[in-house]
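Here is a friendly briefing to keep beside you while you look around the fold. Have the sequence and the 3D view open, and follow the topics in order.

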Amino acid sequence: MNTWDLTDLYPSLDDASFSQDISLLTQAIQSFEAWSDTLESLSAVEVCESYLKQSMDISTRLSRLSAFASLTSATDATNSAALNALNQLQLLSTKTVKGQVAFIHFLKSLDSLEPCFSASKLCQEHAYLLETLKKQANHVLSAQEELIISKMSINGSTAWTNLQNKITSTLNVEVSLPEGVKTMPLPAVRNLAYSDDAAVRKAGYEAEMKAYSRIEDSSAAALNGIKGEVLTLNELKGYEGVLSETLIKSRMSQATLDAMLSAIRKYLPSFRKYLNHKAKLLGHSNGLPFYDMFAPINKNTLNYTYKEASDFVVAQFATFSQELADFTTHAIEKKWIDVEPRPGKRGGAFCSNLHPIKQSRVLLNFDGSFSNLTTLAHELGHAYHGHCLKDETILNSRYPMPIAETASIFCETIVVNAALKEADKENAIAILEASISDATQVIVDIYSRYLFETSLFKARETQVLDSKQLQELMLNAQKEAYGDGLDNSILHPYMWLNKPHYYSAGLNFYNFPYAFGLLFSKGLYAQYLKEGESFVSKYNDLLQATGKHNIKDVAAMAHVNSEDPKFYEDSLELVAQDIEKFIQLTSQ
């Protein structure tokens with residue numbers, strides 16, 4: 001059994017070093033709170049340096065403790081000690097709010113931070129962070145007001161979120177399958193969309209649509225409550241709009257977003273061509289019905305042992321960079337990866353970068369499929385991103401969501417392209433179609449969700465929307481994004497109810513960053529294809545800089561203009577070429 005080794009974090013939850021670090025963290029947070037009352041007696045340089053030192057200390061301790069408890073729980077859901085530790089650490093982290101708000105308001109009182117940068121190497125090293133916090137001061141209320149908002153949200157947006165989670169997670173759906181009527185939870189019903197049987201896919205879709213009608217009114221109420229709170233707070237904090245706030249958090253300019261959306265719109269015909277071709281392959285003449293969106297065209301018969309998969313990944317990584325290959329070998333040999341599924345282990349896959357110990361841990365549920373091989377490459381890409389940031393301070397190692405998938409998708413692309421070269425025709429079709437289908441979701445469907453959320457916020461400013469109005473907004477967005485690629489009479493009017501991120505007050509426009517992540521990564525890969533080996537050092541420098549620069553400046557390190565549509569068009573052209581290959585292979 002390939003399980004990960006966490007002893008470099010702590011020997012165990014019962015070990016004295018774990019409880020000692022919780023005590024030290026508690027003391028550090030208490031000191032931080034007390035310090036926040038003394039800022040007026042200190043110079044600007046003293047305040048900034050003290051803030052940075054305390055923040056690094058608290059972040060390092062909190063990160064290490066939380067990671068150990070979280071990773072322990074991830075492989076043993078019954079470990080109550082780990083869950084209790086996580087709860088304790090979450091409560092401790094909330095006590096940093098007072099100090100954070102006090103410091104941000106202090107920065108607001110300064111005319112400029114340049115004197116601090118000139119006088120202090122530490123401040124200069126964290127110039128981007130400090131400048132960002134100073135700008136954030138324009139959108140932070142008083143400590144008392146922020147505390148009130150935090151407490152009120154428990155009975156506001158958080159309550160609505162919990163309600164939505166409960167009604168969707170407890171929704172049982174009756175599905176008329178070929179073997180008879182079966183009652184299934186909603187996630188299982190949605191998974192029927194991947195079935196080899198067309199009748200099963202259609203039955204799942206119809207049952208899903210019918211089931212949503214039972215919870216549409218309560219879901220609409222929850223969505224209106226959450227979005228209403230977001231709009232209220234957005235106005236109180238002085239943002240130009242909800243999208244503006246998300247762009248600030250994403251370190252992305254409006255020009256960058258506009259350039260990406262322009263490129264997406266230009267390439268929508270290519271995706272529609274793919275969807276129409278798939279529709280014909282499945283016997284449809286009026287575009288692809290939504291229930292056949294994920295229908296498999298060919299079954300991928302490639303299968304691997306974990307050793308075969310890891311050897312293949314290392315070998316392909318070496319074609320790009322020996323450093324990447326050596327890092328991967330090190331991660332495997334040092335037991336940074338928890339491989340097989342087992343009782344009590346959470347599903348899916350993730351990577352946790354452990355900056356305090358300059359390592360990472362990767363969780364898989366490896367079953368030997370080609371999909372799991374690409375997942376291994378994807379998660380190791382995240383780990384390599386952490387490796388490139390290991391010598392930065394912990395405050396300079398945090399990157400925004402749009403850039404979080406850069407290294408992971410890049411590594412996945414290396415492996416998929418290599419597999420395509422070796423695959424026979426049938427497997428090549430399966431690999432290509434899976435890749436194109438994923439890209440369609442990240443580009444076209446994400447674009448439809450962006451359009452929907454834009455229209456939702458605009459409408460919510462003046463009215464409370466019922467379920468029928470929400471369905472209409474969603475259908476309009478899907479028609480605009482998918483065009484004739486989908487059968488416009490068989491879409492998904494309840495996608496607003498299905499996607500949980502709409503029901504989180506802190507995850508507004510949780511869509512376009514995913515599209516950016518894919519296109520940025522593929523754009524970098526296109527750059528690599530042009531430049532070859534000379535690109536590798538630029539790539540490593542770029543990853544190292546992701547925690548202390550905005551997206552435009554990070555992209556510039558690879559001689560990329562993130563505000564130029566041509567960059568995203570180059571990325572989309574790679575997908576368009578795959579679509580043409582797929583059509584050619586399936587037309588013979």
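Leaving aside its neighbours within four places in sequence, which residues is Phe317 in contact with? They are Leu324, Ala325, Thr328, Ala377, Leu380, Cys411, Ile414 and Val415, where contact means heavy atoms within 4.5 Å. This is a predicted model, in which local features need pLDDT of at least 70 and side-chain atom pairs count only at pLDDT 80 or more, while totals for chains, interfaces and linings use all residues. Residues are numbered from 1 along each chain as its sequence is written, and side-chain values use heavy atoms, with hydrogens and water left out.

**Nonpolar cores**

- A nonpolar core here is a set of buried Ala, Val, Leu, Ile, Met, Phe, Trp, Tyr and Cys residues joined through side-chain atoms within 4.5 Å.
- Buried stands for under 20% relative accessible area, exposed for over 50%, and partly exposed for what falls in between (1.4 Å probe, protein chains only).
- The largest nonpolar core has 143 residues, and Met260, Ile264, Phe317 and Trp496 touch the most other members.
- Helix α19 (residues 425-460) gives the most to this core, contributing 16 residues; helices (H or I, at least four residues) and strands (E, at least two) are DSSP runs, numbered from the N terminus.
- Another core, of 54 residues, lies apart from it, and its members include Leu9, Leu110, Leu113 and Leu130.
- As background, nonpolar side chains tend to be buried together in soluble globular proteins.

**Aromatic pairs**

- Rings of Phe, Tyr and Trp (its six-membered ring) pair if their centres lie within 6.5 Å; planes under 30 degrees apart count as stacked, over 60 as edge-to-face and the rest as tilted.
- Searching the whole structure turns up 36 aromatic pairs.
- Phe18 and Phe68 make a tilted pair, because their ring centres are 5.9 Å apart and their planes stand at 55 degrees.
- This pair links distant parts of the chain, with Phe18 in helix α1 (residues 16-35) and Phe68 in helix α2 (residues 44-75), 50 residues apart. Both Phe18 and Phe68 are buried.
- Phe320 and Tyr539 form an edge-to-face pair, at 5.3 Å centre to centre and 90 degrees between the planes.
- Here too distant parts of the chain are linked: Phe320 belongs to helix α15 (residues 306-320) and Tyr539 to helix α23 (residues 535-545), 219 residues apart. Phe320 and Tyr539 are each buried.
- Ring pairs join Phe320, Phe410, Tyr525, Tyr528, Phe535 and Tyr539 into a cluster.

**Salt bridges**

- A salt bridge needs a side-chain nitrogen of Lys or Arg within 4 Å of a carboxyl oxygen of Asp or Glu. By this rule there are 23 salt bridges.
- Glu569 and Lys266 meet through their side chains in one of them, at 3.4 Å from N to O.
- Glu569 lies in helix α25 (residues 565-585) and Lys266 in helix α14 (residues 254-281), so the pair ties together parts that are 303 residues apart in sequence.
- Glu569 counts as buried because its relative accessibility is 14%, whereas Lys266, at 53%, counts as exposed.
- Asp338 and Lys345 form a salt bridge whose closest N and O atoms are 2.7 Å apart, and both residues are buried.
- Lys581 and Asp578 form a salt bridge with closest N and O atoms 3.8 Å apart. Both lie in helix α25, three residues apart, about one turn of the helix.
- Lys581 is partly exposed, with a relative accessible area of 42%, while Asp578 is buried, at 13%.
- A network of salt bridges links Asp21, Asp57 and Arg61.

**Cysteines**

- The whole structure has zero disulfides, a disulfide being a pair of cysteine sulfur atoms within 2.5 Å.
- Cys351 is in no disulfide either, and its nearest cysteine sulfur, that of Cys411, is 11 Å away.
- Cys123 counts as buried, at 0% relative accessibility.

**Around Ser120**

- Ser120 sits in the loop between α5 (114-119) and α6 (121-125).
- Ser120 counts as buried because its relative accessibility is 2%.
- Beyond its neighbours within four places in sequence, Ser120 is in contact with Val45 and Glu49.
- A polar atom of the Ser120 side chain lies 3.3 Å from the backbone nitrogen of Leu122.

Notes
Polar contact = N/O pair within 3.5 Å; in protein donor to acceptor, adjacent residues only side chain to side chain.
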